Amino acid sequence: MRILHISSARALGGGERHLAGLLEGLVVRGHEVYAALSHASLLGAELKKVPDANVLRLPLRNALDAPSALRLARFVRARRIEIVHAHLARDYPLAALASRLAPGSKLFITRHVLFPLGRVHSLVLRRAARILAVSGAVERALRAQRLFPTDKIRTVQNGIDIERFERAARGFDRTEFRRRLGASARLVVGTVGELSNVKGQEDFLRAAALVVRALGDGVGFLVVGEDASRDGQRRAALGRLVAELGIGERLRLLGRMEDVAPLLHALDLYVSASRSEAFGLAIVEAMACGLAVVATATEGAREIVEDGETGRLVGVGNVDALAESILALLANPSERERLGAQARASARERFSLVRMIEATEKLYLEALGEK
């Protein structure tokens with residue numbers, strides 16, 4: 001198949017990691033894959049298997065960027081692209097217009113978040129062949145809005161390259177990696193995610209302060225994530241909170257990491273303190289590394305983590321419960337090992353990249369078989 005994916009994302013979050021894995025996997029399976037990205041996108045560097053000639057750079061300024069839509073349409077027609085697939089709400093209208101102006105192409109959109117779509121989307125996307133949800137929670141949110149025919153809405157859960165995370169453990173010098181990060185404590189707890197209110201880093205810091213109060217210098221905390229806010233305001237605010245809580249000696253704000261696999265293998269426990277999560281890709285990555293997970297019971301986390309079997313779930317925003325679960329697992333290495341082993345097995349069985357690619361490919365073929 002000839003497939004074009006469109007994304008105006010500038011940063012590299014979970015949705016972009018999903019997209020990179022999908023595109024690379026489709027290339028491996030023999031498809032002719034194209035990508036339309038914004039000029040400022042970091043995603044292009046992640047697409048090692050997509051030929052440079054197949055990557056179109058556009059302004060993709062917003063949903064009303066007609067020049068970008070017209071260039072997309074010409075691109076689709078010239079290459080006889082069969083599938084036009086968009087991943088962000090602001091790109092949906094551009095993809096819809098490009099597909100409409102290129103007869104024979106099928107329009108797909110993926111919904112990565114729980115936020116409701118506007119009524120205008122039911123008009124703009126009325127020709128969409130399929131609306132994909134990255135989790136059951138997102139599918140339920142889409143169905144509740146009643147904007148699209150229910151038979152067009154399908155769930156394809158996010159997947160990750162399990163083998164990549166397992167390979168990272170081979171020959172890995174955990175002690176040296178921790179030393180380079182400045183994480184000298186006996187036990188290290190970490191969290192990964194874009195620095196934003198929805199990811200709950202403040203709750204993580206407050207829970208960390210309670211744990212430090214109980215364990216002292218026996219524990220350290222790492223926060224990994226890019227600050228996409230204007231002028232670094234988010235990181236600065238977290239830095240002020242670290243100072244206010246008096247945990248500057250025990251907690252490090254590391255910023256964005258190109259590859260989180262080594263970091264995850266260096267941790268003793270992974271924590272997700274999100275206040276809302278459509279899926280939770282970082283949780284799956286931690287599970288693939290055999291880490292026990294403590295997560296707030298967001299919609300996405302409840303779909304991934306089986307409480308007491310592959311991790312622990314606590315109430316969203318409940319800092320005391322978060323700290324209590326962290327303390328309980330840090331004090332019980334055999335329970336951490338049990339949960340981590342079952343988490344790894346669950347990630348391999350349920351969230352492989354191959355499964356995600358095959359499910360998406362099947363829906364493409366299904367749509368192309370329809371008149």
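Colleague: Glad to join you; what ground rules apply to the numbering and to the predicted model?
Modeller: Residues are numbered from 1 along each chain as its sequence is written, and side-chain values use heavy atoms, with hydrogens and water left out. As this is a predicted model, local features need pLDDT of at least 70 and side-chain atom pairs count only at pLDDT 80 or more, while totals for chains, interfaces and linings use all residues.

Colleague: Let's start with β9; how many of the six residues of strand β9 are buried?
Modeller: Strands are DSSP runs of E with at least two residues, helices are runs of H or I with at least four, and both are numbered from the N terminus. Buried means under 20% relative accessible area, exposed over 50%, and partly exposed in between, with a 1.4 Å probe and protein chains only. In β9 (residues 219-224), V219, F221 and V223 point one way and G220, L222 and V224 the other, all of them buried. The strand is largely enclosed by the rest of the structure, because the buried count is six of the six.

Colleague: Nice; which residue of β9 is the bridge partner of V188?
Modeller: Two strands pair if DSSP finds at least two bridges between them. Strands β8 and β9 run parallel and are joined by six bridges. In β9, the partner of V188 is G220.

Colleague: And which helix lies between β9 and β10 in their β-α-β unit?
Modeller: β9 and strand β10 (residues 251-255) run parallel with four bridges, and F221 has L251 as its bridge partner in β10. A crossover is right-handed if, with the strands pointing away from the viewer, the path from the first strand over the helix to the second runs clockwise. The unit of β9 and β10 is right-handed, and its helix is α9 (residues 233-245).

Colleague: Moving to β11, which residue in β12 stands opposite V271?
Modeller: Strand β11 (residues 269-272) is covered on both faces, with L269 and V271 buried on one side and Y270 and S272 buried on the other. It pairs in the parallel sense with β8 (residues 187-192) over two bridges and with β12 (residues 293-296) over three bridges.

Colleague: Which residue takes a positive phi just after α5?
Modeller: Helix α5 (residues 136-145) has buried residues including V138, E139 and L142. With contact meaning heavy atoms within 4.5 Å, its buried residues pack against elements including β5, β6 (128-133) and α12 (299-304). Just after the helix, a positive phi of about 55° is taken by R146.

Colleague: On to salt bridges; how far apart are N and O where R179 and E176 meet?
Modeller: The structure holds 22 salt bridges. R179 and E176 both lie in helix α7 (residues 174-181), three residues apart, about one turn of the helix. R179 is exposed at 55% relative accessible area, whereas E176 is partly exposed at 28%. Their N to O distance is 2.7 Å.

Colleague: How many residues apart in the chain are D203 and R275?
Modeller: The side chains of D203 and R275 meet in a salt bridge at 3.2 Å, N to O. The pair links distant parts of the chain, with D203 in helix α8 and R275 in the loop between β11 and α11, and their separation is 72 residues.

Colleague: One last one: what is the relative accessibility of D203?
Modeller: R275 counts as partly exposed at 32% relative accessibility. D203, by contrast, counts as buried, and its value is 8%.

Terms used
Salt bridge = Lys/Arg side-chain N within 4 Å of Asp/Glu carboxyl O.
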